[in-house]
Amino acid sequence: MRVGEFVRLETSDGIGTIRLDRPPMNPLNTQVQEELRDAAREAAEDAQIRAVIVYGGEKVFAAGADITEFTTTTYQEMTVRAAALSGAFDAVAKIPKPVVAAVTGYALGGGCELALACDWRVVAEDAKLGQPEIRLGLIPGAGGTQRLARLVGPAKAKDLVFSGRMVDAAEALRIGLADRVVPAADVYASAVELLKPYLNGPALALRAAKLAIDGGLSTDLASGLAWESQLFAGLFATDDRIEGTAAFVEKRKPKFTGR
């Protein structure tokens, strides 16, 4: 287990859990953001970690930024800090492995943006999600206007960002903000179950698939297709491609090594 004051990276059976622990509501102050960035980089680089869960604990995921910091932050200070804030969440989004947010309680503001940086969201039945920054005279500043619109569409994203309202788990599932809704007590276990199929999969192919999809969303179709072709061709240099194609021909289950 690798430990910061408020963020831990715990590893078990191929799953790395990035655990937020700043009770009672896991506010994402500057220190938490930097520890989150460090944990994401470690999870990305550790070959023993095949998939990642971002988890705030049994009671709350993260209720947003530490607003007390905002009351004294100047424009000049935030022009320097804003890119680093967004970058901390981007470090999670760029983990080249399957990543799921296990959401209990509240995922609001920066907490919702952190969940959006993951590949999937397993959400407790009684959870609330939202981007309430507008109520502070602000907008989401760590991916909320961009990742949310790409996930649920621009009209629904504008509804949530313009109003600042919270959505419950049922609505989150309906609009695509949640991928699974389960009882609160089952959130972490359900996240583990979602990731299990990938733990013994072809790690380099999974990495390429994530890079292809995420990279393609930020460019035009022709560029995305060219990017996909490069990643596809590159996988022909891997041991897992040799094993996977041979296993198919030999009608057996492949034994991937992640190389």
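**Helix packing and selected residues**

Modeller: Setting aside neighbours within four places in sequence, Tyr188 is in contact with Thr17, Ile53, Tyr55 and Ala102. Please bear in mind that this is a predicted model.

Biologist: Is Tyr188 buried, partly exposed or exposed?

Modeller: Tyr188 is found in helix 8, which covers residues 187-195. Buried means under 20% relative accessible area and exposed means over 50%. The relative accessible area of Tyr188 is 28%, so this residue is partly exposed.

Biologist: What distance separates the C-alpha atoms of Tyr188 and Ile175?

Modeller: Along the chain, Tyr188 and Ile175 are 13 residues apart.

Biologist: Is Asp66 buried or exposed?

Modeller: Asp66 lies in the loop between strand 4 and helix 2 (67-70). Not counting residues up to four places away in sequence, Asp66 touches Arg22, Pro27, Leu28 and Asn29. With a relative accessibility of 12%, Asp66 counts as buried.

Biologist: How many residues apart along the chain are Asp66 and Arg22?

Modeller: Arg22 is among the residues that Asp66 touches. The C-alpha atoms of the pair are separated by 11 Å, and along the chain Asp66 and Arg22 are apart by 44 residues.

Biologist: Which residues of helix 3 take part in the contact with helix 1?

Modeller: The crossing of helix 1 with helix 3 is left-handed. Helix 1 contributes Thr30, Gln33, Glu34, Leu36, Arg37 and Ala40, and these meet a set from helix 3: Arg81, Ala84, Leu85, Gly87, Ala88, Ala91 and Val92.

Biologist: Which elements do the buried residues of helix 1 pack against?

Modeller: Helix 1 has 16 residues and spans 23 Å from its first C-alpha to its last, close to the expected 22 Å. Its buried residues are Val32, Gln33, Glu35, Leu36, Arg37, Ala39, Ala40 and Ala43. These residues pack against strand 2 (7-12), strand 3 (15-20), strand 4 (51-55), helix 3 and helix 4 (110-116).

Biologist: How many nonpolar residues does the contact of helix 5 with helix 6 have?

Modeller: Helix 5 (residues 144-152) and helix 6 (residues 154-163) pack at an angle of about 135°, with their axes 7 Å apart. That angle makes helix 5 oblique to helix 6. The contact joins Leu148, Ala149 and Val152 of helix 5 to Pro154, Lys156, Ala157, Leu160 and Val161 of helix 6. By class, this contact has 1 charged residue, no polar ones and, as to nonpolar residues, 7.

Biologist: What is the handedness of the crossing of helix 5 with helix 6?

Modeller: The helices in question pack with axes 7 Å apart. Helix 5 passes helix 6 in a crossing that is right-handed.

Biologist: Is helix 9 roughly parallel or roughly antiparallel to helix 10?

Modeller: The axes of helix 9 (residues 203-217) and helix 10 (residues 221-234) come within 9 Å and cross at roughly 170°. Angles over 145 degrees fall in the class needed here. Helix 9 is therefore, relative to helix 10, roughly antiparallel.

Note on methods
Residues numbered from 1 in each chain as written. Predicted model: local features only at pLDDT ≥ 70, side-chain atom pairs only at ≥ 80, totals over all residues. Heavy atoms only, no water. Left-handed = near helix turned anticlockwise from the far one by under 90°. Helix = DSSP H or I, 4+ residues; strand = E, 2+ residues; numbered from the N terminus. Contact = heavy atoms within 4.5 Å. Expected span 1.5 Å × (residues − 1). Buried < 20%, exposed > 50% of the residue type's maximum accessible area, 1.4 Å probe, protein only. Axes fitted to C-alpha atoms, helices over the stretch in contact; angles between N-to-C directions. Parallel < 35°, antiparallel > 145°, perpendicular 65-115°, else oblique. Nonpolar A, V, L, I, M, F, W, Y, C, P; charged D, E, K, R; others polar.
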